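Reader: I would like to go through a structure feature by feature. Please give the general idea each time, and then the case at hand.

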Amino acid sequence: MDNLEKKEFKKYILLISYAIVFYYVVTNLNKVLGVVGTAFGILSPFIIGFALAFILNKPFVFFRDKALKVLIDKKKKKERVGLRSGLAILIVYVLVALLLVILSSFVIPQLVTSISRLVDYIPQYSKNLFDMIDNVVDKFIINETMLDTIQKASTTIISTMKTVFSGAVPAIVSFVSNFASNVINIAIAVIVSIYLLIDKDHLIYQYRLIIKAFFSEKKAKRILEVSDLTAKTFSDFIGGQIIDAIIIGVLCSIGLAVLKIPYALLIGAIVGFTNIIPYFGPWIGSIPSVLILFMVRPFYALIFIVFVIVLQQVDGNIIYPHVVGNSVGLGALFVTFSIIVGGGLFGLLGMILGVPTFAVCYTLLKEKAYKNLKKKNITKI
């Protein structure tokens, strides 16, 4: 059997193997999902640790390579670099700890109080809303069918909001208690993230070494190029989106508090959290906020609408370009497509991660298209 026949034989063997595995997975899907779920449960501290290290990588690199660069001593460069890494880790995790303390001692209790107060006052707010509808009916000619539709829609919205916010307080309390009860897993995740950050350069070197050892030079080069592109795209996008969301949430809360709008912290938290989702996020967060304020007092809802439009203009033209920039390199149409498809397949996580995933695929496809055009000597379309 010559080399060509051997290669063809290997291809057939691989194809048959893939077909057998695929058939087994499809016919035993519940068992496979159960095994995958168990594996994720066991590996969850490492997965969380990796995610934490990935998110904190940018601030770590900033402190290590910029803020603490003055500590470099040319004569003892390795020792100084190690010291910089240690200090950068310390600063980053002290900042994270301070953020958690602030959240647990001030923000979360305030959120719980605001939500509880909102749930208690919803009956009164709904009465005010229906009184306002009656006043509008008295002043304007509205047929019975339209009035019935408005009242049914209002009742449904109020009932849904009460259900959502009534379940929000137990959810927050459960999250905090679960966070406290999973101290060991969280501690392991933090330790894993610290090791990953400190040993990042060495781990990347080992990864590149393994890829080059087990793949041909051409394939290894391509795998490493795709890996670098994926890491950079996800890091720039996710890190930027989180920072932008925090800034917008804080600015929204402060702005509403200055304007003396009720539930400023709660609305700021909603707007900030949903701002992680590109394009649609700010408006997704604004809809429940407008409904809350409209029930309290329609004038508050009007002020909020004007305020959030101004805030989004400031974010879109000043904050977002500096914090996130054009990290994904996608137009509005493709961003919208990736959010809808990602959200449809994987929910909220899909809406967030769908954009950088599509950006990587789009970049690779574009590179391949340009290479093919170049091979065919096509310069104009």
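Author: What follows takes the fold, the core, the salt bridges and a charged patch in turn. Note that this is a predicted model.

Reader: How many helices and strands does the chain have?

Author: The secondary structure comes to 11 helices and 0 strands.

Reader: What share of the residues in the chain is buried?

Author: Of the 381 residues, 29% are buried. The cut-off needed here is a relative accessible area under 20%.

Reader: Which residues have the most contacts inside the largest nonpolar core?

Author: A core of this kind is a set of buried nonpolar residues joined through side-chain atoms. The largest one here has 21 residues, and those with the most contacts inside it are C252, L256, Y263, I267, V271, L293 and F304. Two or more residues each come from α7, α8 (264-274), α9 (281-296) and α10 (298-323). The element that gives the most to this core is α10, with 7 residues.

Reader: Next, the charged pairs. How many salt bridges does the count come to?

Author: Side chains of opposite charge can pair when their charged atoms come close. In this model the count comes to 5 salt bridges.

Reader: Which parts of the chain does the pair of D236 and K58 tie together?

Author: The side chains of D236 and K58 meet in a salt bridge at 3.0 Å, N to O. D236 lies in helix α7 and K58 in helix α2 (residues 29-67), so the pair ties together parts that are 178 residues apart in sequence.

Reader: Where in the chain do D228 and R208 lie?

Author: The salt bridge between D228 and R208 has its closest N and O atoms 3.6 Å apart. D228 is in helix α7 and R208 in helix α6 (residues 200-214), 20 residues apart, and the pair links distant parts of the chain. D228 is partly exposed, with a relative accessible area of 43%; R208 is partly exposed as well, at 30%.

Reader: What separates R222 and E225 along helix α7?

Author: R222 and E225 are 3 residues apart in helix α7, which means a separation of about one helical turn. They form a salt bridge, with the closest N and O atoms 3.2 Å apart. R222 has a relative accessible area of 30% and is partly exposed, and E225 counts as partly exposed at 35%.

Reader: Last, the surface. Which residues gather in a patch of positive charge?

Author: A patch of this kind is built from residues with over 30% relative accessible area and no salt bridge. Here K218, K221, K368, K371 and K375 gather in a patch of positive charge on the surface.

Reader: Which helices supply at least two residues of the positive patch?

Author: They are α7 (217-258) and α11 (332-375). The largest share, 3 residues, comes from α11. K368 lies in helix α11, and K368 is partly exposed, with a relative accessible area of 47%.

Methods
Residues are numbered from 1 along each chain as its sequence is written. This is a predicted model: local features need pLDDT of at least 70, side-chain atom pairs count only at pLDDT 80 or more; totals for chains, interfaces and linings use all residues. Side-chain values use heavy atoms; hydrogens and water are left out. Patches are made of residues with over 30% relative accessible area and no salt bridge: like charges are joined within 9 Å, nonpolar side chains (Val, Leu, Ile, Met, Phe, Trp, Tyr) within 5 Å. Accessible areas come from the Shrake-Rupley method with a 1.4 Å probe; for residues, only the protein chains shown count as cover. A salt bridge is a side-chain nitrogen of Lys or Arg within 4 Å of a carboxyl oxygen of Asp or Glu. Lys and Arg count as positive and Asp and Glu as negative; His and the chain ends are not counted. The place of a charge is taken as NZ of Lys, CZ of Arg, CG of Asp or CD of Glu. Helices (H or I, at least four residues) and strands (E, at least two) are DSSP runs, numbered from the N terminus. Buried means under 20% relative accessible area, exposed over 50%, partly exposed in between (1.4 Å probe, protein chains only). A nonpolar core is a set of buried Ala, Val, Leu, Ile, Met, Phe, Trp, Tyr and Cys residues joined through side-chain atoms within 4.5 Å.
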